[in-house]
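Reader: I am new to this structure. Please take me through one part of it closely, and then show me what lies around it.

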Amino acid sequence: MKRLLLCAVFTITALLPETAHACTGITLRTAGGTPVPARTIEWAGNDLESKYAIVPRGFKQHSLLPDDQPDGMEFVSRYGYVGLAVQEKEFVVEGLNEAGLSAGLFYFPAYGKYVEYHEELKANTISDLQLVSWILGSFKTIDEVKFAMTDVRVVTIDPRGSTVHWRITEESGRQAVLEIINGKPKWYENQLGVLTNSPSFDWHLTNLNNYVNLSAGPISQRKVGNMTLTAFGGGGGLHGIPGDMTPPSRFVRAAFFQTTAPQQATAEKTVTQAFHLLNNFDIPTGIQFEEGQEIPDIPSATQWTVVSDIANRRIYYRTMHNSNIRCFDLKSIDFKKVKHQWGMLDKEKKQPIEMVVIK
């Protein structure tokens with residue numbers, strides 16, 4: 001079983017040179033202050049065969065380790081949670097637990113660096129692709145995670161793979177970003193609520209200063225000699241916002257789109273708004289490949305989008321195969337009695353189309 005999981009990682013990482021990793025995260029709030037974190041996950045190389053996982057209280061897991069070593073760190077779920085996983089059910093990359101903690105991983109290539117694996121320390125060693133599962137099953141607050149991380153060693157299963165960084169949001173609305181650089185965890189308070197990929201989170205915040213001239217709304221007319229210049233359309237104040245798909249550009253766009261979005265009265269309306277905002281970050285598969293390269297037969301590089309209503313304990317998603325929004329209501333799940341289970345995000349990989357019948 002473990003060897004099969006490692007093969008799944010190899011399937012992903014083997015395509016690293018030809019494909020880009022791109023995740024975009026935003027965080028909205030209702031008028032009452034309810035936090036609603038949302039994000040996309042991209043992979044242009046192949047269908048990630050994404051799954052959901054329902055994990056009950058008391059469920060025992062062991063970390064996978066490099067080179068098919070025996071089981072690593074054991075962790076038993078104190079809290080039940082719903083997670084969305086890629087390739088295998090163990091690789092939860094985004095989820096929400098019954099205590100109101102949301103966590104997810106984002107690709108962080110070239111800038112992160114984990115500790116080296118040492119077999120004698122395997123009891124405290126966990127793979128980066130399972131850290132979200134450990135967080136969701138074990139903690140209620142960010143401070144609890146930070147305290148526990150001092151005794152945990154994070155490693156990669158396959159050295160060819162990208163490093164990642166993590167976003168954690170608690171019910172109070174506080175959000176933190178964790179990056180492991182040169183083997184040491186570095187924590188940031190994310191008051192903005194936006195996260196993409198490399199470079200480091202603090203670099204992205206500094207880079208926002210390059211766009212201090214941008215603002216919402218129309219732009220004023222301007223005289224140039226005897227000529228009057230006017231904007232071609234609405235939203236002229238954002239003229240010059242970067243439009244490419246790189247992480248720095250997506251970070252800037254996400255920051256301004258999120259900040260200018262009108263605040264909604266209810267969590268449900270905020271969830272819908274988050275999906276609309278993240279439409280702007282869908283990445284077409286074709287732009288990830290050079291001319292002449294074979295392009296995988298998938299509808300989009302954006303494989304799925306997920307939104308969490310923390311206060312109401314609901315996690316929503318849609319996929320590249322089916323843009324209909326689906327929802328798990330954690331309050332309807334008895335995590336003391338439910339069995340550990342999983343299933344494909346899409347029962348059928350086809351977009352439902354409703355025919356409009358005219359009589």
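Author: Start with strand β2, residues 35-42, in this predicted model. Of its 8 residues, 8 are buried, so β2 is largely enclosed by the rest of the structure. The cut-off matters here: a residue counts as buried because its relative accessible area is under 20%. One side carries Pro35, Pro37, Arg39 and Ile41. The other carries Val36, Ala38, Thr40 and Glu42. Both faces are covered.

Next, the partners of β2. Strands of a sheet pair through backbone hydrogen bonds, either parallel or antiparallel. Strand β1, residues 25-29, pairs with β2 in the antiparallel sense. That pairing has 5 bridges. β1 and β2 form a hairpin with 5 residues between the strands. In that hairpin, glycine 33 takes a positive phi near 95°.

Strand β16, residues 302-309, also joins β2. The two run antiparallel, and 5 bridges link them. Here isoleucine 41 has tryptophan 304 in β16 as its bridge partner. Isoleucine 41 is one of the buried residues of β2.

Follow the chain past β16. Arginine 313 sits in the loop between β16 and β17, the latter spanning 314-319. Its side chain meets that of glutamate 171 in a salt bridge, at 3.1 Å from N to O. Glutamate 171 belongs to the loop between β11 and β12. The pair links distant parts of the chain, 142 residues apart. Arginine 313 has 12% relative accessibility, so it counts as buried. Glutamate 171 is partly exposed, at 37%. Salt bridges with shared partners also join Asp47, Glu49 and Lys349 into one network.

Now the sheet that holds β11 and β12. This open sheet has 8 strands. Their order is β13-β12-β11-β8-β7-β6-β3-β19, and the pairing is antiparallel. The edges are β13 (184-189) and β19 (341-344), each pairing on one side only. On average, neighbouring strands of the sheet are turned by 20° against each other, direction ignored.

Strand β3, residues 51-55, pairs with β19 over 4 bridges in the antiparallel sense. Across that pairing, alanine 53 stands opposite tryptophan 342 in β19.

Two helices pack on the sheet. Helix α2, residues 131-138, touches β6 (81-85), β7 (92-97), β8 (102-107), β11 (164-169) and β12 (175-181). The direction of α2 makes about 10° with that of β7. Helix α3, residues 142-149, touches β11, β12 and β13. The direction of α3 makes about 165° with that of β13.

Back to charged pairs. Side chains of opposite charge can pair when their charged atoms come close. The count of salt bridges comes to 11. One of them brings together the side chains of arginine 57 and glutamate 98, at 2.8 Å from N to O. Arginine 57 lies in the loop between β3 and β4 (60-62). Glutamate 98 lies in the loop between β7 and β8. The two are 41 residues apart, and the pair links distant parts of the chain. Arginine 57 is partly exposed at 39% relative accessibility. Glutamate 98 is partly exposed too, with 22%.

Aspartate 158 and arginine 160 form another salt bridge, their closest N and O atoms being 3.2 Å apart. Aspartate 158 counts as buried, at 5% relative accessibility. Arginine 160 is partly exposed, at 45%.

Take threonine 125 in strand β9, residues 125-127. At 0% relative accessibility, threonine 125 is buried. Leaving aside neighbours within four places in sequence, threonine 125 is in contact with Ser63, Leu65, Gly72, Met73, Tyr117, Arg153 and Val155. Histidine 62 is 63 residues away along the chain, and its C-alpha atom is 9.7 Å from that of threonine 125.

Methionine 227 belongs to strand β15, residues 227-229. Its relative accessibility is 53%, so methionine 227 counts as exposed. Together with Val224 and Leu229, Met227 makes a nonpolar surface patch of about 270 Å².

Key. Residues numbered from 1 in each chain as written. Predicted model: local features only at pLDDT ≥ 70, side-chain atom pairs only at ≥ 80, totals over all residues. Heavy atoms only, no water. Pairing = 2+ DSSP bridges. Axes fitted to C-alpha atoms, helices over the stretch in contact; angles between N-to-C directions. Contact = heavy atoms within 4.5 Å. Buried < 20%, exposed > 50% of the residue type's maximum accessible area, 1.4 Å probe, protein only. Patch = residues over 30% accessible without salt bridge, like charges linked within 9 Å, V, L, I, M, F, W, Y side chains within 5 Å. Areas by Shrake-Rupley, 256 points an atom, 1.4 Å probe, with all protein chains shown as cover. Salt bridge = Lys/Arg side-chain N within 4 Å of Asp/Glu carboxyl O.
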